[in-house]
Amino acid sequence: MEQAIERARKIRAILTDVDGILTDGKVNFFVRDDGKIDEFKSFNTQDGLAVMLCNSTDIVCGIITGRRHPTTVERARNLGYKYMYQGFLTKMGPLNDILKKEGLTPEQVAYIGDDITDMPLLKAVGFAATVPNALDVVKSCAHYVTKRNGGDGAYREIIDFILNAQGKLSPILDQVDKSAWKVNKKAQLEIVTSQEGIA
């Protein structure tokens, strides 16, 4: 655990997959009025607040996902994510792009994922995290496995762990307790879409 804390202290950007991390991994399909098939996703509000906590500490938040869906884009925009890479089953390109844009090294990045397409990033970054029901081969790449499941506060658990390791969580909690928490302005979402992934 001490090694994970040391790694977490260096983090300046937190990137995540969506399905299985921000959601429970289930894809819920329904038929629209026009007869076309669509899907909906359920997100956790505690996870949403985690992005606001990061914005208060100038930690960059981003999404790299293999799927493409407007629900995810809207969620990212509403919460203040800075980066949204969708349709990327091959995820190293987005990571390298963000490193260049932010002037960061891989050691300064945390990535959260649960499936084999996430493994290259989990192996590349300074802080790799996953959820309890991730594949065993994915868990073997992680520095931290959450107690909570994806879509049920796992993302928030990781954010709290990183902010706590950096000594940034307690001052925010003090501000909240005194009704004096001023949330920073939301980042302008940058969206990059690939046709490689799943529509």
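**Questions on a predicted model**

Reader: At which relative accessibility does Glu190 count as partly exposed?
Author: This is a predicted model, in which local features need pLDDT of at least 70 and side-chain atom pairs count only at pLDDT 80 or more, while totals for chains, interfaces and linings use all residues. Residues are numbered from 1 along each chain as its sequence is written, and side-chain values use heavy atoms, with hydrogens and water left out. Buried means under 20% relative accessible area and exposed over 50%, with partly exposed in between (1.4 Å probe, protein chains only). Glu190 counts as partly exposed because its relative accessibility is 29%.

Reader: Happy to start there! How far apart are the closest N and O atoms in the salt bridge of Lys101 with Glu190?
Author: A salt bridge here is a side-chain nitrogen of Lys or Arg within 4 Å of a carboxyl oxygen of Asp or Glu. Lys101 forms one with Glu190. This pair links distant parts of the chain, Lys101 in helix H4 and Glu190 in strand S9, 89 residues apart (helices, H or I, have at least four residues and strands, E, at least two; both are DSSP runs numbered from the N terminus). In the bridge itself, the closest N and O atoms are separated by 2.2 Å.

Reader: Leaving out residues up to four places away in sequence, which residues does Lys101 touch?
Author: Contact means heavy atoms within 4.5 Å. Strand S5 (residues 83–86) supplies Tyr83 and Tyr85, which point one way from the strand, while Met84 and Gln86 point the other way, and all are buried. With near neighbours in sequence left out, Lys101 touches Tyr83, Tyr85 and Glu190.

Reader: Now the sheet: which strands stand at its edges?
Author: The open sheet has seven strands, paired in parallel and ordered S8-S7-S6-S1-S4-S5-S9. Each edge strand has a single partner, so one side of each is left without a neighbour in the sheet. The edge strands are S8 (144–145) and S9 (190–193).

Reader: Which residue in S6 is the bridge partner of Ala13?
Author: Strand S1 (residues 13–16) and strand S6 (residues 109–112) run parallel and are joined by four bridges, and two strands pair if DSSP finds at least two bridges between them. S4 and S5 also pair in the parallel sense over four bridges, with Thr65 opposite Gln86 in S5. For Ala13, the partner in S6 is Val109.

Reader: Which residues form a nonpolar patch on the surface?
Author: Patches join residues with over 30% relative accessible area and no salt bridge: like charges within 9 Å, nonpolar side chains (Val, Leu, Ile, Met, Phe, Trp, Tyr) within 5 Å. One member lies in strand S2 (residues 28–31) and counts as exposed because its relative accessibility is 56%. Together the members have about 340 Å² of accessible area, by the Shrake-Rupley method with a 1.4 Å probe, where only the protein chains shown count as cover for residues. The patch is formed by Phe29, Val31 and Ile37.

Reader: Which residue meets Arg67 in a salt bridge?
Author: The side chains meet at 3.6 Å, N to O. The pair links distant parts of the chain, 48 residues apart: Arg67 is in the loop between strand S4 (60–65) and helix H3 (70–79), and its partner is in the loop between S1 and S2. The partner is Asp19.

Reader: How many salt bridges does a search of the whole structure find?
Author: Among the linked residues are Asp17, Lys91 and Asp118, which form a network of salt bridges. The number found in the whole structure is 11.
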